[in-house]
Structure formats: C-alpha cells, structure tokens
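Dear colleague,

Please find below the structure that I am handing over to you, followed by a summary of what was found in it. I would be grateful if you could read the notes with the model open.

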Amino acid sequence: MTNDSTVTVYSTQKVKRARIAVAAVFTVHGAVTGSFATRVPWIQDHAGVSAGQLGLALAFPAIGASIAMPLAGRISHRFGARTALRGLLTLWTLALILPALAPNLLTLCVALFVYGATAGMSDVAMNALGVEVENRLDKSIMSGLHGMWSVGALIGSAAGTVAAHTATDARTHHLVAALVLTALGLIACRDVLDIQSSPDEEPPPRFTLPPKSALIIGAVGFCAVFAEGASLDWSAVYLRDVLDSSDGLAAASTTAFALMMAVARIAGDRIVDRFGAVRTVRTGGVMATAGGLLVVFSPSPAAAMCGFGLLGLGVAVVVPLAFAAAGRSGPNPSQAIAGVATITYTSGLIAPSAIGSLAEATSLVVSFGVVTVLAFGLVLGAGVLRSADRKIAGSAVGEGTTTKSAAGS
C-alpha cells in the first residue's frame with residue numbers, strides 16, 4: 001500500500017531558521033524539567049507525603065507520558081506540525097504550575113500524570129520536527145538538539161536553586177517560570193517547519209502498539225537510558241557506600257556524569273556526520289562498557305568517577321540517534337518516535353528502582369555489573385540505528401512549493 005503525503009519545499013535559509021527554532025524549543029522543554037526537579041522537596045513538604053509516597057507519585061509522569069505519547073501523531077496530523085507543537089508545548093509549560101498546587105498525595109499524582117502526559121506529547125512533536133529539519137539539512141543535528149535540552153535543564157535547575165535558596169514559594173516560582181517559558185516557547189514555534197498532512201492521508205490511530213522497527217530501535221535506547229538513569233540516581237550512593245567517599249566527592253560524581261553527557265551531545269553531531277551513527281554508537285558502547293567495568297572493579301573513588309564519566313560519554317548520543325532512526329524507519333515518523341519514546345521513558349522509570357532492588361538482594365557492585373552488560377548491548381545492537389545515517393535532502397529553492405512523495409508500507 002502506498003500513502004501519499006504533501007511535502008512543502010522550503011528554502012535553505014528557512015530550514016536553517018527552523019533549526020534554530022527547534023533548538024530553542026528543546027531548550028524550553030528542558031528548562032521546565034529543571035525548574036520542577038529543584039523544587040521537589042518543597043512540593044513533598046507542601047503535599048505532606050512521605051518518601052515512599054513521593055516515590056509513588058514520581059512514577060506518574062512516566063505513566064502519563066507513556067499513555068499520551070501515541071496521541072501526538074494524531075494531533076500533528078489534524079492540526080499540522082507547527083500548530084500541534086505550539087499547543088502541546090504550551091500545555092507542557094503551563095503544566096509546571098500544577099504539582100506545586102497539590103495539597104495531598106492523590107492530587108499530586110493527578111498533577112504529575114498531567115505533567116507527564118503533556119511532556120511526552122510535546123517531546124514526540126518536537127523530536128519529529130527535529131528529524132524533519134535534519135533530513136532537509138542533510139546532516140546530523142539530533143544530538144545537538146538533545147544537548148540544548150540539557151542546557152535548558154541546567155538553566156531551569158539553576159533558577160530553581162536560586163528560588164529555593166531564597167525560600168521563594170514554589171507556587172510563585174513555578175507560576176512565573178511557566179509564564180516566561182510559555183512566552184519563549186510560543187516565540188520559538190513561529191519559525192519551526194509547518195508540515196501538513198495531505199487531505200486524503202489516513203490519520204494515525206489514537207492508540208496502537210509501537211511498530212516492529214520502533215521496538216528494535218527502542219531496545220537499544222532502553223540500554224542507554226537504563227545506564228543513564230542508574231548512573232544519575234545511584235552514582236553518588238555508589239561512591240559513598242561502596243568506596244567510602246565523602247558526600248561532596250560523591251555528589252561530584254553525579255555532576256561529572258551529567259556534564260560528560262551534555263558535552264558529548266553538543267559535540268555529537270560532528271562526530272556522527274564524520275563517522276556515522278552505527279560507528280558512533282558502537283564506539284560509545286565500548287566506552288560505556290569500559291566505564292562500567294571501571295566502576296565495578298574500581299580501587300578508588302577517583303577511578304569510579306572516571307568510570308561514570310565514560311558511561312556518560314558513551315550513552316549520550318544514543319537516544320537522539322534512536323529518535324532519528326525511528327523517524328526514518330517507516331511511513332509514520334511520529335508513531336515510530338512515540339514508540340521509541342515510550343520504551344525509553346519506561347526504561348528511565350524502572351532503572352532506579354531496579355538498581356535499588358537488585359542492590360538490596362545482592363550489592364550495588366552487582367547492580368552496576370548489570371548496567372555494564374546493558375552498555376555492552378549498545379556494541380551489539382548499534383547496527384539497528386543504520387537508518388539514522390540515511391540523509392534525505394529536502395531543501396530547495398522556491399519556498400512554499402508543494403510536491404508529492406510516496407512512502408511505501
């Protein structure tokens with residue numbers, strides 16, 4: 001069966017502006033996450049929940065995202081990519097207000113479900129547009145876009161740290177942050193590509209299982225996100241409990257991991273363009289595996305910190321390349337991206353608790369042995385990201401011209 005879709009041909013200059021715009025969208029998206037994360041202690045106290053109840057509530061963003069992500073493709077089909085992103089990003093930035101208003105566990109869970117649902121849908125929409133811009137520029141940009149997300153998260157967390165240090169009420173902080181980020185997001189969305197579906201194109205289903213291609217690509221993303229989540233949440237505990245380091249040095253290990261990830265993502269596009277997605281991920285898998293082994297067999301806190309840094313470098317570009325590969329894996333890019341995003345969100349959800357449960361049954365050393373095995377999975381599975389190497393030149397003179405392209409399924 002062949003599905004016809006209308007493809008607007010944009011000038012090179014407009015596509016370059018769209019790249020800047022979608023990078024700004026990624027930054028805004030990350031800033032929301034950073035703003036929320038720094039005020040979780042305040043939200044916990046305001047809602048009057050225990051640590052265990054907070055852990056339950058913090059599962060709801062991933063649940064909401066996983067359920068809502070498949071809807072993003074249908075919304076983009078109906079309203080067009082630009083309008084859909086504008087609306088979904090606005091819902092996400094405004095959803096930042098909700099958790100701080102929750103007075104108890106039930107309302108906090110509902111607020112975080114909405115927060116996660118809007119996060120997931122806007123995530124799919126912006127990644128789909130990022131892949132579209134990458135195709136038209138005929139060079140890798142997805143790693144850099146995710147690097148800008150990390151920059152936004154750092155900006156949001158820095159502002160949140162200042163707000164927390166000055167004892168600013170989180171309701172006030174998040175209201176101001178939400179309004180500012182909403183305005184910035186609307187400005188950024190003005191220059192993103194406005195991809196429209198053809199009138200006779202069948203809309204994607206509201207809910208569907210991820211396509212087979214997304215499951216295979218998502219498995220590679222699962223390994224990377226599991227290693228990422230485990231390292232972010234447990235690296236400081238590992239140094240403190242296993243290697244008897246100081247609290248300050250233990251915290252520095254988490255910072256080192258996050259910094260290496262941000263640096264690698266920002267620099268990743270040039271590496272991918274030079275060596276290709278498969279070789280980049282395979283090499284990253286080797287680095288991450290070496291980092292995991294260094295953590296497991298580390299004789300000192302300094303060596304373990306180097307190991308966590310190698311883990312961060314190794315897994316940094318995998319998820320951006322998984323989204324890029326998913327966006328080229330079939331006739332429904334948004335559906336494939338939603339499938340990969342659902343798998344990676346699930347991995348991020350279960351990784352911290354899985355590491356903790358395994359550590360309780362055995363030890364943290366054994367837990368990071370499992371992380372090392374999954375890191376090696378990147379070496380074995382890198383080949384499924386080969387479609388991220390395929391470049392589809394889409395820029396041409398004659399902005400606003402429409403053509404017809406056929407995608408076989």
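Is Val114 buried, partly exposed or exposed? The model is a predicted one, and in it Val114 has a relative accessible area of 33%. Buried would require under 20% and exposed over 50%, so at 33% Val114 counts as partly exposed.

**The nonpolar surface patch**

Val114 is located in helix H8 and belongs to a nonpolar patch on the surface, together with Leu98, Leu101, Leu106 and Val110. The accessible area of these residues together is about 430 Å². Two elements give two or more residues each to this patch, namely helix H7 (97-101) and helix H8 (105-137). The most is given by H8, which supplies three residues.

**Aromatic pairs and a cluster**

The structure contains six aromatic pairs. In one of them, the ring centres of Tyr238 and Phe368 lie 5.3 Å apart with the planes at 75°; an angle over 60 degrees counts as edge-to-face, and the pair is therefore edge-to-face. This pair links distant parts of the chain, since Tyr238 sits in helix H11 (residues 212-241) and Phe368 in helix H17 (residues 364-381), 130 residues apart. Both Tyr238 and Phe368 are buried.

Phe368 also forms an aromatic pair with Phe308. Here the distance is 5.5 Å centre to centre and the angle between the planes is 85°, which is again edge-to-face. Because Phe308 lies in helix H14 (residues 301-315) and Phe368 in helix H17, the pair ties together parts of the chain that are 60 residues apart in sequence. Phe308 is buried, as is Phe368.

Elsewhere, one aromatic cluster is formed by Phe36, Trp92 and Tyr115.

His173 is found in helix H10 (residues 170-189). Its relative accessible area is 10%; as the limit for buried is under 20%, His173 is classed as buried. Which residues does His173 touch, not counting those up to four places away in sequence? They are Ser35, Thr38, Arg39, Gly160, Ala163 and Thr168.

**Summary**

Yours sincerely,
A colleague

Methods:
Residues numbered from 1 in each chain as written. Predicted model: local features only at pLDDT ≥ 70, side-chain atom pairs only at ≥ 80, totals over all residues. Heavy atoms only, no water. Helix = DSSP H or I, 4+ residues; strand = E, 2+ residues; numbered from the N terminus. Buried < 20%, exposed > 50% of the residue type's maximum accessible area, 1.4 Å probe, protein only. Contact = heavy atoms within 4.5 Å. Phe/Tyr/Trp six-rings, centres within 6.5 Å; stacked < 30°, edge-to-face > 60°. Patch = residues over 30% accessible without salt bridge, like charges linked within 9 Å, V, L, I, M, F, W, Y side chains within 5 Å. Areas by Shrake-Rupley, 256 points an atom, 1.4 Å probe, with all protein chains shown as cover. Salt bridge = Lys/Arg side-chain N within 4 Å of Asp/Glu carboxyl O.
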